[in-house]
Amino acid sequence: MKHCKKYNAALTLVDTKKVYSIEEACELVKKTSTVKFDATVDVSFHINVDTKQADQQIRGTLILPHGNGKTKKIVAITNTKLEEAKAAGADFAGGKELLEKMKVENWFDFDVIVATPDMMGELGKMGRILGPKGLMPNPKTGTVTMNLAQAIKEIKLGKVEYRLDKDSNMHLSIGRVSFETSDLVDNLKALINQLIKVKPSAVKGVYVKTAVVSTTMGPSIKFNFGA
């Protein structure tokens, strides 16, 4: 694959054989951004688990200390907590009428759905639509709860979901190029600490096989996960 001159110039700053420290990687990823806009900083892991085994699934949420620079639009699906949801900062709040709008009008101008448990019957009917889009709320990620206010505030503060794909890879945005290096370091360390915390007991040997950080259209930088 041919790359542009800016990418090739950025690549010269990266020692592809070196595994950098977290601090070095976060500093270098800012220097190697090749685009004019405020690029997203992404981290990718290849983890030593068998995703076919139920006890080796890795999925959850955490609040990044400095957020990830993305403002998320939130839909609250509820009949009983409408005012609470709106007061907490939900961009849209309603019941079956919003689900019908999604179904009939193909309306998906939002990023996250939170819901009260009593609405899961209606949401379940939307599984074929919401599931493939990654929008189905789930108690395990805190998006199905009676405490909508807390769920909404946490998402607005920078709560993100992490999960493995079928090939045991994980991708997550941890910030933007405009972030201070120290903020990127804090966010990345928070994610690493969380992944260590949820490490399946069945894992033997090296837990994380590869760990890289990169920007939109920038080169990948290997860093030391430490486990």
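Let's start with helix α8, where the buried residues are Leu184, Val185, Asn187, Leu188, Leu191, Ile192, Gln194 and Leu195. Here, buried means under 20% relative accessible area, exposed means over 50%, and partly exposed is in between, using a 1.4 Å probe and protein chains only. Helices (H or I, at least four residues) and strands (E, at least two) are DSSP runs, numbered from the N terminus. This is a predicted model, in which local features need pLDDT of at least 70 and side-chain atom pairs count only at pLDDT 80 or more, while totals for chains, interfaces and linings use all residues. Residues are numbered from 1 along each chain as its sequence is written, and side-chain values use heavy atoms, with hydrogens and water left out.

α8 has 17 residues and reaches 24 Å from its first C-alpha to its last, close to the 24 Å expected at 1.5 Å a residue. That expected span is 1.5 Å times one less than the number of residues in the helix. An α-helix has 3.6 residues a turn, so residues three or four places apart point the same way. What do the buried residues of α8 pack against? They pack against α2, β1, β2 (59-63), β6 and β7, where contact means heavy atoms within 4.5 Å.

## The nonpolar cores

The largest nonpolar core has 39 residues, and Phe45, Ile47, Ile58, Leu188, Leu195 and Phe223 touch the most other members. A nonpolar core is a set of buried Ala, Val, Leu, Ile, Met, Phe, Trp, Tyr and Cys residues joined through side-chain atoms within 4.5 Å. At least two residues of this core come from each of α2 (22-31), β1 (40-47), β6 (159-163), β7 (169-176), α8 (181-197) and β8 (208-215). α8 gives the largest share, 6 residues. Another core lies apart from this one, with 15 residues, among them Met102, Trp107, Met119 and Leu123.

Leaving aside residues up to four places away in sequence, isoleucine 58 touches Ile47, Val49, Tyr162, Arg163, Leu164, Met170, Leu195, Val198, Pro200 and Tyr207.

## The sheet and its helices

Now for the strands. An open sheet is built from 4 strands in the order β7-β1-β8-β9, with antiparallel pairing. Two strands pair if DSSP finds at least two bridges between them. Which strands sit at the edges? They are β7 and β9 (221-222), each pairing on one side only. β9 pairs with β8 in the antiparallel sense over 2 bridges, and lysine 222 in β9 is the bridge partner of valine 212.

Helix α2 packs on this sheet, touching β1, β8 and β9, and its direction makes about 35° with that of β8. Helix α8 packs on the sheet too, touching β1 and β7, with its direction at about 150° to that of β7. For these angles, axes are lines fitted to C-alpha atoms, for helices over the stretch in contact, and angles run from 0 to 180 degrees between N-to-C directions.

## Salt bridges

Side chains of opposite charge can pair when their charged atoms come close. How many salt bridges turn up in the whole structure? The search finds 11, counting a side-chain nitrogen of Lys or Arg within 4 Å of a carboxyl oxygen of Asp or Glu. One of them joins the side chains of lysine 156 and aspartate 91 at 3.0 Å, N to O. Lysine 156 lies in helix α7 (residues 148-157) and aspartate 91 in the loop between α3 (82-88) and β4 (92-94), so this pair ties together parts that are 65 residues apart in sequence. Lysine 156 is partly exposed at 37% relative accessibility, and aspartate 91 is partly exposed at 35%.

Glutamate 122 and lysine 125 form a salt bridge too, their closest N and O atoms 3.6 Å apart. Glutamate 122 is partly exposed at 23%, whereas lysine 125 is exposed at 64%. Another salt bridge links glutamate 161 with arginine 163, whose closest N and O atoms are 3.9 Å apart. Salt bridges that share partners join Arg59, Glu161 and Arg163 into one network.

## Two loop residues with positive phi

Asparagine 106 isn't a glycine, yet its phi is positive, at about 55°. Asparagine 106 is in the loop between α4 (96-105) and β5 (112-115), and counts as exposed at 57% relative accessibility.

Serine 168 is another non-glycine residue with a positive phi, near 70°. Is serine 168 buried or exposed? Serine 168 is buried, with a relative accessible area of 7%, and lies in the loop between β6 and β7.
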